[in-house]
Structure formats: structure tokens, C-alpha cells
Amino acid sequence: MKILVIGAGNMGLTYAEGMSKSKLLKRRNIMVLDTSEEKLEELRKEAKFDTFKELAECVPQADIIFLAVKPYHADGLMMKMEPLVNKGQIVISIMAGVTINTIKELTGLKKVVRAMPNLPAKIGKGLTSFVASEEISRIELLTIESLLDTTGKSILVSDENFIDASTGISGSDPAYVFYFMQSMMEAALKMGFSKNVSKVLVSQTFTGAIELFNRNDLSPNSWMDKVASKGGTTRAALDSMEGNNVGELIKEAAFAAFERAIELGKEKSYV
Ligand SMILES: NC(=O)c1ccc[n+]([C@@H]2O[C@H](COP(=O)([O-])OP(=O)(O)OC[C@H]3O[C@@H](n4cnc5c(N)ncnc54)[C@H](OP(=O)(O)O)[C@@H]3O)[C@@H](O)[C@H]2O)c1
């Protein structure tokens with residue numbers, strides 16, 4: 001199986017590295033194409049992948065093509081690919097907002113996967129939600145799932161709408177967590193802790209809470225009840241959040257990202 005990754009940026013290289021570290025593929029079976037000579041030169045020095053600048057030199061050899069350029073480069077790229085592709089090839093796009101129909105129309109390929117990764121993919125802890133066109137077989141789906149899993153976990157969703165929805169949850173969610181961490185660190189600084197100590201207090205608390213959550217079947221609400229006793233300190237904090245409607249505001253934020261993902265899909269000049 002030969003894989004071509006188009007776009008040697010943050011995400012494209014994350015997948016290329018993830019796949020090359022896994023036992024699924026040999027490095028020489030991963031091709032990487034980018035328009036930037038500078039990036040290709042760097043990759044050549046590392047000698048990790050076969051690198052290409054011209055589509056004609058690599059597209060026809062690929063079994064699976066990862067599209068990892070910015071959405072505003074998508075149309076031009078896919079139109080150039082169209083005369084070079086062959087029917088059996090599979091396209092996996094991680095480009096935000098670019099629909100399966102657009103990919104089918106512009107590349108002429110029918111086997112299309114649309115995937116939405118998130119930033120922790122960079123350290124093998126990502127979450128990629130994906131949806132596949134009906135032309136993809138069950139066996140092909142298993143292969144695709146294994147490839148996506150090389151950067152963390154993947155979840156197959158039944159409808160493209162869930163890709164936009166997961167942008168509002170898993171796609172953008174690392175930033176919501178950082179937002180919460182930032183506020184907690186600012187509170188710690190205000191209480192007089194040093195920057196370093198504030199960082200440790202917050203990061204270890206997050207790590208511990210997530211470990212507890214993952215090791216158990218308890219819901220977040222049940223965990224809150226376990227740590228917050230009536231009249232206690234944690235209850236005071238949780239009451240303050242409830243009083244300020246923080247939970248509703250977080251849900252609103254997730255929906256804002258979801259709606260923006262839908263809008264981006266409709267805009268031609270998306271960024
Ligand atoms: N970053 C994330 O956390 C994240 C999360 C989910 C989804 N995504 C999606 O992932 C995609 C890639 O994002 P990114 O952050 O990895 O972008 P990026 O770092 O800018 O990487 C894109 C790369 O593609 C190159 N490129 C542009 N046009 C090309 C073409 N026609 N052929 C080949 N290469 C081309 C770019 O070169 P130049 O720099 O010279 O233009 C750049 O090296 C986007 O569509 C984004 O929606 C990203």
C-alpha cells in the first residue's frame with residue numbers, strides 16, 4: 001500500500017510521522033508532496049519520506065491520498081489532481097469545511113473520506129472523527145481506521161453533519177481546555193503562587209482529573225458530587241460557576257464553533 005500526503009504542514013506531517021512510526025507501513029511507502037521547496041529540502045535532509053513537488057510524479061502511484069492543505073488551496077489542488085487519478089484510489093481529506101461532494105466533483109474520485117483531527121494528534125493523543133462515502137468497502141474502512149489511529153483514536157460517524165459537529169467538540173475543544181487552564185493559572189498567580197508553581201498546580205490537577213475520569217465509569221457530575229461536600233470549598237466554587245451560568249456559556253461556545261464550521265463549508269474563500 002502506497003500513501004501520498006499532500007501538504008507537508010502541521011497536520012500532513014503529523015499523519016506521515018504517525019503512519020511511519022506504526023508497523024502498518026514502511027517509510028518508503030509514504031510519499032509527501034508540498035509546493036514549498038524549503039519544506040521539501042528539510043524533509044530530504046531528514047530522509048524520512050520520499051518527497052515530491054510535482055503531482056504527476058506521485059499521484060498515479062498512490063493507493064490512498066491524504067489531502068492536508070489549507071481549505072483555500074483545496075479547489076486548485078483537486079482540479080490539478082483530476083487528470084492524474086485512477087478510479088480505485090481513496091482520498092482522505094482533513095481539510096475543514098470541504099465536503100465529500102466537492103471532493104468527488106473536483107477530483108473525479110468516488111472513494112472519499114472526510115476526517116476531522118485535533119491538535120493532540122501531534123503527540124499521538126488525537127481524536128479523529130471521520131465519515132466515508134458509500135463507495136468505500138468495509139475492508140477499506142478498516143484500513144482507513146488503522147491509518148487514522150496512528151495519531152490517536154478515531155471515531156466513524158454516520159453523517160457528514162457530525163464532522164462539523166465534532167469540530168465544535170473534539171476539533172476545537174483542546175482550546176477550551178487551555179482557556180480553562182489559563183484562567184486557573186491566572187487565579188493561582190493572583191493568590192501569590194509563582195508562575196512555575198501555578199503551572200504545576202494546574203497541569204497536575206488536569207492530568208489527575210482526566211486519569212480518574214478515564215479509569216472509571218462515573219460521569220463528570222458524579223465526580224463533582226464526590227469532591228464537593230455541602231458547605232465546603234469545592235461546593236463554593238461550583239456554586240459560583242453555576243450562578244454565573246458557566247456551563248451554559250461553554251455549550252454556547254461549542255455551538256458557535258459548530259455553526260462556524262458549517263459556514264466555512266459554504267464560503268468559497270474559507271481560511
Ligand atoms: N492544524 C490543526 O490543528 C487542524 C485541525 C483539524 C484540521 N486541520 C486541517 O488540516 C489542513 C492543514 O492544516 P495545517 O495546519 O497542517 O496547514 P499548514 O501547516 O499550512 O500546511 C499546509 C501545507 O500545504 C502546503 N500547500 C499549499 N498548497 C499546496 C498544494 N497545492 N500542493 C501541495 N502542498 C500545498 C503549504 O505550503 P505553504 O505554506 O507554502 O502554503 C503547507 O506546507 C487544513 O485544511 C485544516 O483545515 C488542521
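Predicted model: local features only at pLDDT ≥ 70, side-chain atom pairs only at ≥ 80, totals over all residues.
Student: OK, what's the secondary structure of the protein chain?

Tutor: The chain comes to twelve helices and eight strands. Those are DSSP runs numbered from the N terminus: helices are H or I with at least four residues, strands are E with at least two.

Student: And what box do the C-alpha atoms fill?

Tutor: Roughly 70 × 40 × 35 Å, taken along the principal axes.

Student: How much of the chain is buried?

Tutor: Buried residues make up 39% of the 271 residues. Buried means under 20% relative accessible area, exposed means over 50%, and partly exposed is in between, with a 1.4 Å probe and protein chains only.

Student: What about residues 160-264?

Tutor: For those, the unreviewed UniProt entry has "domain: Pyrroline-5-carboxylate reductase dimerisation". That span is 84% helix and 0% strand, with its end C-alpha atoms 14 Å apart.

Student: Let's zoom in. How far does helix 1 reach?

Tutor: Helix 1 covers residues 10-21, and its twelve residues reach 17 Å from first C-alpha to last, close to the 16 Å expected at 1.5 Å a residue. The expected span is 1.5 Å times one less than the number of residues.

Student: Is helix 1 mostly covered or mostly exposed?

Tutor: Mostly covered, with nine of its twelve residues buried. Among them are M11, Y15 and E17.

Student: What do those buried residues pack against?

Tutor: Strand 1 (3-6), strand 2 (30-33), strand 4 (64-67), strand 7 (126-132) and helix 6 (138-148).

Student: Why does E17 count as buried?

Tutor: Because its relative accessibility is 19%. Leaving aside neighbours within four places in sequence, E17 is in contact with K48 and F49, where contact means heavy atoms within 4.5 Å.

Student: New topic: how do helix 4 and helix 5 cross?

Tutor: The axes of helix 4 (residues 71-81) and helix 5 (residues 100-107) come within 7 Å and cross at roughly 40 degrees. Helix 4 and helix 5 are therefore oblique to each other.

Student: Which residues make that contact?

Tutor: D75, M78, M79 and M81 of helix 4, with T102, I103, L106 and T107 of helix 5.

Student: And Y72, where is that found?

Tutor: Y72 is in helix 4, and it is partly exposed, with a relative accessible area of 44%. Its C-alpha atom is separated by 9.9 Å from that of A96, 24 residues apart along the chain.

Student: Last one: is S198 buried or exposed?

Tutor: S198 is buried, at 0% relative accessible area. You'll find S198 in helix 9 (residues 195-215), and beyond its neighbours within four places in sequence, S198 is in contact with M185, A188, L189 and F193.

Terms used
Residues numbered from 1 in each chain as written. Heavy atoms only, no water. Axes fitted to C-alpha atoms, helices over the stretch in contact; angles between N-to-C directions. Parallel < 35°, antiparallel > 145°, perpendicular 65-115°, else oblique. UniProt positions renumbered as here; feature names shortened; annotations may be inferred.
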